[in-house]
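Please look over the model below.

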Amino acid sequence: MFVDEAEVHMRAGRGGDGCVGFRREKFIPEGGPDGGDGGKGGDVVLLGDENVSDLTKFRFNPSIKAKNGDGGRGRDQFGHAGEDAEVRLPLGTVVYDAETDRVVTEITEHKQRTILLHGGKGGLGNVHFKSSTNRTPTQSTGGEPGEIGHFRLVLKTIADVGLVGYPNAGKSSLTNALTNAHPKMAPYPFTTLHANVGIIEFPDTYDRISMADIPGLIEGASENRGLGHEFLRHVERCRLLLILLDMAGTDARDPLDDYKHLLDELERYQPELLKKPILVAANKMDEEVSAENLKRFKKKFKKVKIWKISCLTGEGLDELKVELREKVKAEGLAVVAAKEKE
């Protein structure tokens, strides 16, 4: 199961109550007040974690609560602060207030730490209420409640390259060939039902770039048909788009129409998507009909540079892989050098 959206109730911890206490020792039978303060309640803290892939755990645990603070004690002893509730989220998670649909925060970096809800303050012990006119105060204050929230978590994939195309274009095959991700493959539409993020490695330069195999879309995706917005929202966070076309025209498709419709769907959903760097690859060039279709494509789209590949034979894959790296670098995007991590 892959879950990329979840609703969660969260509650920060309540502060501990202040204590009413008086110093009572063998030779000090009527000592002054010594009630300590209560401890602060625990916070709800969001933590970006690149090792978390989706939001499945919230499907089974939709309620998160931080620990309450301990109450104060005599002899000026303060209560312990409540333990924070640490919520690990995949990179690319947007946190919405479920009541207002307002974006509260976004988790985009590994180890990014954000306090979502603050724990309540601890109450004051009676030591704070001593005065010249009140030597034996019996007042104390209770701990304050922690903040409460109802949130909607939405995962939008973060990757250098977003691989888009219609069902059966060969996206899963290309992902298997170029990256360390191994999505399910089969000769029928919608084998891929969620985004798979893999790493393309370059041993000669120690570079690494990430590529997301996005679920195939259909006409009307911008209107939320088919996988609709579930597909398109993953494209938003990708820095570079790689459009993969089935140049053999499997299932009586026309790759020229596919290209046009893909651009149309992206633009209708969010016009800014077409401002991203875009590469186009023609897959299944090992089939005879592909050459004629490619000729028609170049005639109609004269300004589009297209990379000829075959996931079956491996034709053009090395060249495409290098071009992706160079394009990412040229755009000043996040190529991760393994040497720099060490």
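Which residues does Leu245 touch, not counting residues up to four places away in sequence? They are Pro255, Asp258, Tyr259, Leu262, Val280, Ala281, Ala282, Asn283, Phe297 and Ile306, where contact means heavy atoms within 4.5 Å. This is a predicted model, in which local features need pLDDT of at least 70 and side-chain atom pairs count only at pLDDT 80 or more, while totals for chains, interfaces and linings use all residues. Residues are numbered from 1 along each chain as its sequence is written, and side-chain values use heavy atoms, with hydrogens and water left out.

**Chain**
- The protein chain holds seven helices and 15 strands, taken as DSSP runs (H or I, at least four residues; E, at least two) numbered from the N terminus.
- Of the 342 residues in the protein chain, 49% are buried (under 20% relative accessible area, 1.4 Å probe, protein chains only).

**Nonpolar core**
- The largest nonpolar core has 24 residues; such a core is a set of buried Ala, Val, Leu, Ile, Met, Phe, Trp, Tyr and Cys residues joined through side-chain atoms within 4.5 Å.
- Leu245 is among the residues with the most contacts inside this core, as are Tyr259, Phe297 and Ile306.
- Helix 4 gives the largest share of this core, five residues.

**Helix 2 and helix 6**
- The axes of helix 2 (residues 171-178) and helix 6 (residues 317-330) come within 11 Å and cross at roughly 80°; the axes are lines fitted to C-alpha atoms over the stretch in contact, with angles from 0 to 180 degrees between N-to-C directions.
- The two helices are therefore roughly perpendicular (65 to 115 degrees).
- Leu174, Ala177 and Leu178 of helix 2 meet Leu317, Leu320, Lys321 and Leu324 of helix 6.

Methods:
Parallel < 35°, antiparallel > 145°, perpendicular 65-115°, else oblique. Buried < 20%, exposed > 50% of the residue type's maximum accessible area, 1.4 Å probe, protein only.
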